[in-house]
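Trainee: I'd like to learn how to read a few features off a model. Could you walk me through some, one at a time?

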Amino acid sequence: PRLAPDGLFYEYDTLIVSMPLVDLERGQAFMWIGHGCGPLCGETGIEIFTRQTDGDWIRTDYVGLTIS
């Protein structure tokens, strides 16, 4: 992507989301998230979701993997 005038950030952010890996027996789902905002700006991590008794899924944890 093109850089903003300051040269530190992209003109727009990029978000990458994986397909969820679902464990129905434990009622958990895992998704890899990647966020990029510049040449030295971004992060990746794993979002953890837990299924509630009413069937809704809520984010219950986040494990950061990389940051720049």
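Trainee: Let's start with Arg59: is Arg59 buried, exposed or partly exposed, and why?

Mentor: The idea is to compare relative accessible area with two cut-offs: under 20% is buried, over 50% is exposed, and anything in between is partly exposed. Arg59 comes in at 49%, so it counts as partly exposed. Keep in mind that this is a predicted model.

Trainee: Where does Arg59 sit in the secondary structure?

Mentor: Arg59 belongs to strand S5, which covers residues 57-67.

Trainee: And which residues does Arg59 touch, leaving out those up to four places away in sequence?

Mentor: With those left out, you get Glu47, Ile48 and Phe49.

Trainee: What joins the side chains of Arg59 and Glu47?

Mentor: A polar contact, at 2.8 Å. For a contact like this, look for N or O atoms within 3.5 Å, one able to donate a hydrogen and the other to accept it.

Trainee: Now the partner. Why is Glu47 classed as buried?

Mentor: Its relative accessible area is 13%, so Glu47 is buried, given that the cut-off for buried is under 20%. Glu47 lies in strand S4, residues 41-51.

Trainee: Which residues does Glu47 touch, again skipping those up to four places away?

Mentor: Besides Arg59, the list has Ala29, Phe30, Met31, Ile33, Asp61 and Tyr62.

Trainee: Is the link of Cys37 and Cys41 left-handed or right-handed?

Mentor: Read the torsion about the S-S bond: at -75°, the link is left-handed. As for accessibility, Cys37 and Cys41 are both buried.

Trainee: Last one: which residues make the nonpolar surface patch?

Mentor: For a nonpolar patch, you look for nonpolar side chains within 5 Å of each other, on residues with over 30% relative accessible area. In this model Ile16, Trp32, Val63 and Leu65 make a patch of about 350 Å².

Trainee: Take Val63, then. Where is Val63 placed, and is Val63 buried or partly exposed?

Mentor: Val63 is in strand S5. Its relative accessible area is 37%, so Val63 is partly exposed.

Note on methods
Residues are numbered from 1 along each chain as its sequence is written. This is a predicted model: local features need pLDDT of at least 70, side-chain atom pairs count only at pLDDT 80 or more; totals for chains, interfaces and linings use all residues. Side-chain values use heavy atoms; hydrogens and water are left out. Helices (H or I, at least four residues) and strands (E, at least two) are DSSP runs, numbered from the N terminus. Buried means under 20% relative accessible area, exposed over 50%, partly exposed in between (1.4 Å probe, protein chains only). Contact means heavy atoms within 4.5 Å. A disulfide is a pair of cysteine sulfur atoms within 2.5 Å. Patches are made of residues with over 30% relative accessible area and no salt bridge: like charges are joined within 9 Å, nonpolar side chains (Val, Leu, Ile, Met, Phe, Trp, Tyr) within 5 Å. Accessible areas come from the Shrake-Rupley method with a 1.4 Å probe; for residues, only the protein chains shown count as cover. A salt bridge is a side-chain nitrogen of Lys or Arg within 4 Å of a carboxyl oxygen of Asp or Glu.
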